[in-house]
Amino acid sequence: MRIVVLTPPGCGQRTRAPRRTWQHGGVTAAPQPSLFSQFPQVPETADAVLEGLDPEQREVATALHGPVCVLAGAGTGKTRAITHRIAYGVRAGILQPASVLAVTFTNRAAGEMRGRLRQLGAGGVQARTFHSAALRQLQYFWPKAVGGELPRLAERKIQLVAEAAVRCGTRLDRGELRDVAGEIEWAKVTQTAPEDYAAAALKAGRDVPRDAAELAGIYRAYEQHKAERGVIDFEDVLLLTVGVLQDRADIAEQVQAQYQHFVVDEYQDVSPLQQRLLELWLGGRDGLCVVGDASQTIYSFTGATPDHLLNFRLRHPGATVVKLVRDYRSTPQVVHLANGLLSQARGRAAEHRLELVAQREAGPDPLYTEYADEPAEAEGTARRIRKLIDGGVPAGRIAVLYRINAQSEIYEQALADHGVPYQLRGAERFFERPEVREAGIALRGAARAGGNDALLDDAVGLASQVRAVLGSMKGGGWRPEAPAGSGAARDRWESLAALVRLAEDFGAARPRATLADLVGELDARAQAQHAPTVDGVTLASLHAAKGLEWDAVFLVGLTEGMLPITYARTDEQVEEERRLLYVGVTRAREHLHLSWSLSRSPGGRASREPTRFLNGLRPGTGGLSGRAFAGGGGGVERGSGPEFRPRGERPGAPRRRVQARCRVCGRTLTLAGEIKLMRCEDCPSELDEALYERLREWREEQARLIGQPAYCVFTDKTLLAIAEAVPGNSSELSVISGVGARKLNRFGTDVLAICAGQEPSGGVGSEG
């Protein structure tokens with residue numbers, strides 16, 4: 001076995017080197033996307049393909065014989081290394097393009113790989129997902145191996161699972177159907193038969209949505225139902241391909257004659273079934289290059305395991321192992337924190353962790369912020385994002401990452417309030433989720449029925465009424481206690497629980513509010529967040545962020561119970577949660593913000609604790625023994641809301657919080673919309689309705705001209721505040737919440753003209 005790791009000096013520090021870094025040419029990091037990076041010049045020779053690679057990447061590119069294992073840390077240019085390896089082999093005449101199969105896990109990654117290979121002059125190479133490659137082979141060989149046409153691929157697995165459950169005398173709601181389908185998928189990729197499922201699930205520590213024996217029965221009925229319908233599912237594509245290659249030596253030999261060289265990306269995410277298929281493709285040969293990082297294993301719940309990566313050298317004693325540790329993505333400050341996170345990890349994957357070495361110039365320290373409550377955290381995050389955008393960071397290069405999709409709504413609203421365009425990745429918008437739509441219909445119906453709805457007979461107060469309505473929903477209603485485990489049922493409950501919390505806060509702020517008032521509030525929120533797809537800030541779960549990167553990343557909700565999630569019970573599960581945070585940290589190129597809140601709602605008991613994974617890393621928690629402090633110097637900012645320090649108060653003394661009060665009745669305000677108006681929703685309004693309508697018409701025209709949703713000009717609440725205040729000059733306009741310096745500069749002249757009864761300029765607001 002040959003191991004190559006040319007580690008630069010000063011772990012976590014940027015390497016100081018001459019302009020021409022290596023004797024074979026200058027090393028270049030992956031550039032920011034531009035017109036020229038999308039259409040680069042094809043290298044003229046094979047040796048030209050190697051130009052710009054660092055020593056370890058060059059080792060990968062030139063190791064074309066025998067098994068090769070590339071252990072690649074986050075941001076180290078692994079895709080660059082393996083595509084240059086394939087291209088160099090093809091251009092040098094060592095590899096035939098049609099004999100190479102590069103395999104990865106997503107269509108996006110496969111498409112990116114094909115594009116890079118074309119740019120390097122190796123366009124004939126196949127780059128596919130496991131399922132795509134297997135389906136192609138199965139369609140070709142099925143008539144020869146079995147006869148007739150390949151059974152149709154089922155489009156709706158959920159429907160088949162539902163019908164199988166009914167056969168077993170079980171009715172599953174929508175959430176349970178998704179969870180049961182997930183269990184069947186896990187069983188099939190781990191090659192577990194129905195009769196072995198219960199024991200296998202127990203051994204693996206699965207959080208099963210129903211009794212394991214009952215699930216085994218549904219699994220068995222599902223397989224029978226598929227056979228009767230003459231259809232196959234996604235997992236069958238791999239299982240059947242494995243079966244054909246195992247049973248028909250002549251077909252296996254034909255496939256092996258076609259492909260002599262394999263490259264597998266994200267090898268830490270390979271399932272036992274995919275590994276078996278790979279072995280059959282290889283047929284005992286050693287033309288294999290795998291790339292992965294055990295510290296980025298975050299999909300074990302789907303059957304993925306890093307064991308195949310970690311055991312590679314045991315299966316291939318003569319393998320060349322290359323470690324990529326030079327991080328070209330992130331600043332030294334971000335890299336310090338990432339290394340610090342892994343330094344505390346335990347378990348087998350942690351034993352093989354890679355210590356990254358930053359190659360970029362120094363940047364800002366990671367910023368840690370503790371907030372009093374969730375609304376304050378969302379507001380503070382949106383405010384900082386607005387500041388970054390105003391400072392020149394494009395919205396499309398900023399992301400807010402959280403643990404579960406149910407956390408998105410409060411950040412959607414906060415960004416909308418600050419006029420920041422956003423897009424959700426890997427999930428529906430909060431108000432477009434099926435359970436939220438159903439809840440809206442149920443609440444609207446109850447509001448119309450009023451006192452005639454029997455559901456509300458025993459409900460006293462708005463929050464109680466909402467609990468009663470949502471608790472009666474078909475397909476799994478709200479319950480006081482969260483369902484055990486993870487999955488669709490938990491996601492559904494989290495969405496409904498978010499609506500219940502909103503009703504509680506709304507009722508507390510407006511004691512006389514009715515169900516109809518709440519429905520109106522929900523409609524207003526949904527309308528503000530319903531916008532065309534724009535190049536905006538990305539909102540995504542940590543899982544959905546894998547493989548992506550941004551200039552600025554905000555990691556939010558970092559509390560015990562959320563990260564690690566409450567249902568992570570075993571040491572193995574907790575370590576996967578730590579790796580999930582590591583993946584989040586390493587998505588950041590330059591700006592990294594980490595935050596948490598001490599309570600759910602304003603005035604609530606501060607009972608939450610920051611995630612244990614930051615102990616010893618964030619300021620004030622002690623350093624790691626014998627290690628450089630990760631993210632040192634960042635400091636902890638406490639962003640609990642509007643605060644002041646009275647004159648003469650000593651530094652370090654507890655700060656008193658300034659509470660926003662209604663300018664009409666004097667009551668403390670807690671809802672963001674009321675704080676913006678500086679009055680209760682139901683207090684007498686001084687609104688000039690004609691002025692408000694003129695402002696709305698002007699806003700619609702501005703939104704059309706700049707090609708963004710109306711809320712990016714001003715939100716409804718800000719327009720209401722302007723129409724009530726009727727500012728006469730820039731100073732009076734600037735103090736209205738939602739009118740920052742940027743918007744004052746861009747739209748102030750028009751707004752003041754409208755308030756004065758004059759015509760606006762009629763043009764697009766200038767950034768000035």
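A crossing of two helices is called right-handed if the near helix is turned clockwise from the far one by less than a right angle, and left-handed if anticlockwise. Keep that in mind for the first view; everything below comes from a predicted model.

**View 1. Helices H7 and H10 cross in a right-handed way.** H7 covers residues 157-167 and H10 covers 212-229; the two pack at about 115 degrees, with 8 Å between their axes. On the H7 side, the contact is built from Lys157, Leu160, Val161, Glu163, Ala164, Ala165 and Arg167. H10 brings Ile218, Ala221, Tyr222, Gln224, His225, Lys226, Glu228 and Arg229. Sort these by class and you get seven nonpolar, six charged and two polar residues.

**View 2. Gln274 sits in helix H13.** The helix runs over residues 272-282. Is Gln274 buried or exposed? Its relative accessibility is 7%, so Gln274 counts as buried, the cut-off being under 20%. The Gln274 side chain gets to 2.9 Å from the backbone nitrogen of Ser271. Setting aside residues up to four places away in sequence, Gln274 touches Phe105, Phe130, His131, Leu238 and Asp269.

**View 3. Helix H3 has a cap at its N-terminal end.** The cap is Asp54, with a side-chain oxygen 3.1 Å from the backbone nitrogen of Glu56. Glu56 also turns up among the buried residues of H3 (55-62), along with Pro55, Gln57, Val60 and Ala61. What do the buried residues of H3 pack against? Their partners are strand S2 (68-72), helix H4 (78-91), strand S9 (320-324) and strand S10 (326-327).

**View 4. Leu64 lies in the loop between H3 and S2.** With a relative accessibility of 5%, Leu64 counts as buried too. Ignoring neighbours within four places in sequence, Leu64 makes contact with Arg85, Tyr88, Gly89, Ile94, Leu95 and His261. Look for Gly287 as well: it is 223 residues away from Leu64 along the chain, yet their C-alpha atoms are 8.3 Å apart.

**View 5. Helix H24 is mostly covered.** H24 (residues 571-585) spans 21 Å from first C-alpha to last, close to the 21 Å expected for its 15 residues at 1.5 Å a residue. How many of those 15 residues are buried? Twelve are, including Val574, Leu580, Leu581, Tyr582 and Val583. Charged names show up on the buried list too, among them Glu575, Glu576, Glu577, Arg578 and Arg579. The cover over these buried residues includes helices H16 (332-343) and H17 (348-351). Strands S13 (398-402), S16 (550-555) and S17 (588-597) belong to that cover as well.

Terms used
Residues numbered from 1 in each chain as written. Predicted model: local features only at pLDDT ≥ 70, side-chain atom pairs only at ≥ 80, totals over all residues. Heavy atoms only, no water. Axes fitted to C-alpha atoms, helices over the stretch in contact; angles between N-to-C directions. Helix = DSSP H or I, 4+ residues; strand = E, 2+ residues; numbered from the N terminus. Contact = heavy atoms within 4.5 Å. Buried < 20%, exposed > 50% of the residue type's maximum accessible area, 1.4 Å probe, protein only. Polar contact = N/O pair within 3.5 Å; in protein donor to acceptor, adjacent residues only side chain to side chain. Expected span 1.5 Å × (residues − 1).
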